[in-house]
Amino acid sequence: MSEQELLSLADDELVLGWRESEWTGIAPVLEEDVAFSSIAQNEIGHARAVYQLLVGADGDADALAFDRRLAEYRCAPLVELHLLDWAHTIARRWLYETADEIRLAALKDDADPAVAGLAAKIDREEAYHRMHAEMWHERLRDEQRFREAVAELWPYALGMLPEELRGELVERVGLAAVEPVARGTHTDELAPLWDEMTMVRRSAPAGAQW
Amino acid sequence: MSDVFEVFRQERRGQPFEHAGSVVAPDADFAEVWAREQYGRRGESVALWLVPRGAIRDVEEWADEFDLKYRRVDGYSIKARLKEARERAGTA
């Protein structure tokens, strides 16, 4: 596993966690608000663990997470989208978890035991997220709005994975392969998010301790 | 349609389940996922019971027309008798 691929995973989890935390306080029902916020927090926790692995035990994970320029972020366009309705949000959640499971399965076989171990640890927590996502998918799969949202996000979901893993996602999701919106470019929606996400660190005087 | 599910949680194996609160959910699957997040994800429970509120039989009428207070725990003062017994046994 290359550093760039690990960074992609961490950036995906950070940005998705950030996006999903935008539902805190305004999710459709109180119970889901708690569950969704908890999932968002977990994703950011996974990002932190991967950043820490990348910078080493004594390195500064926050610096890697927040001190890069916009163009240096490796997150997939799927996680950047500012989704304002629940059908799209759940469609992305389900597509993301399905793709993430495939990615983590490959990572668990990584030659580097530190990478494989962390992937296994993350996957044990993702099991709860998959349970949550599958439950919503089961509930909404025949609803027109949900199906449209899945179809709209499908090229983005496909683009989240490297080419060699896309076939498995096609099989699992059951939609035809399309031209993916691949990683490596950013949507216009990342810039305002980056601005918000890094604002506090950028405004702090050099050497500030947290 | 949503139902209220009462949530009981067990803190450690072998301990009794105690009422923790409730979740409002459209079915038992949603109730499980939501209850896991609210009552189990921070290591505070080893097991949960989810009970639809409709399945609970509510009992709150208690007849005690003849004031048989010796049948109640507050009807029998053990303190004085215990003191007496201890004095008799010389262990007071």
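How many bridges join strand 1 of chain B to strand 3 of chain B? Select residues 3-10 of chain B, which form strand 1: six bridges join this strand to strand 3, and the two run antiparallel. Strands here are DSSP runs of E with at least two residues, helices are runs of H or I with at least four, and both are numbered from the N terminus. Two strands pair if DSSP finds at least two bridges between them.

This is a predicted model, in which local features need pLDDT of at least 70, side-chain atom pairs count only at pLDDT 80 or more, and totals for chains, interfaces and linings use all residues. Residues are numbered from 1 along each chain as its sequence is written, while chains are lettered from A and ligands numbered from 1 in the order in which they are written.

**The sheet of chain B**

The three strands make an open sheet in the order 2-1-3, with antiparallel pairing. Strand 2 (18-25) and strand 3 (47-52) stand at the edges with a single partner strand each, so one side of each has no neighbour in the sheet. Pick Val7(B) next; opposite it, in strand 3 of chain B, stands Leu50(B).

**Helix 1 of chain B**

Now select residues 28-39 of chain B. This is helix 1, which packs on the sheet and touches strand 1, strand 2 and strand 3 of chain B. Contact means C-beta atoms, placed from the backbone, within 7 Å. Among the buried residues of helix 1 of chain B are Phe30(B), Trp34(B) and Arg36(B). A residue is buried if 20 or more other C-beta atoms lie within 10 Å of its own, exposed if 12 or fewer, and partly exposed in between, with C-beta atoms placed from the backbone. The buried residues of this helix pack against the three strands of chain B and also against helix 2 and helix 6 of chain A.

**Across to chain A**

Show both chains. The contact takes nine residues from chain A and eleven residues from chain B. On the chain A side, helix 2 (30-55) and helix 6 each supply at least two residues. Helix 2 of chain A gives the most, with five residues.

**Helix 7 of chain A**

Finally, select residues 144-160 of chain A, the 17 residues of helix 7. Which residues in helix 7 of chain A are buried? They include Phe146(A), Leu153(A), Trp154(A) and Met160(A). Their cover includes helix 1 (3-21), helix 5 (86-107) and helix 8 (163-173) of chain A.

How values were computed:
Expected span 1.5 Å × (residues − 1). Contact = placed C-beta atoms within 7 Å. Axes fitted to C-alpha atoms, helices over the stretch in contact; angles between N-to-C directions.
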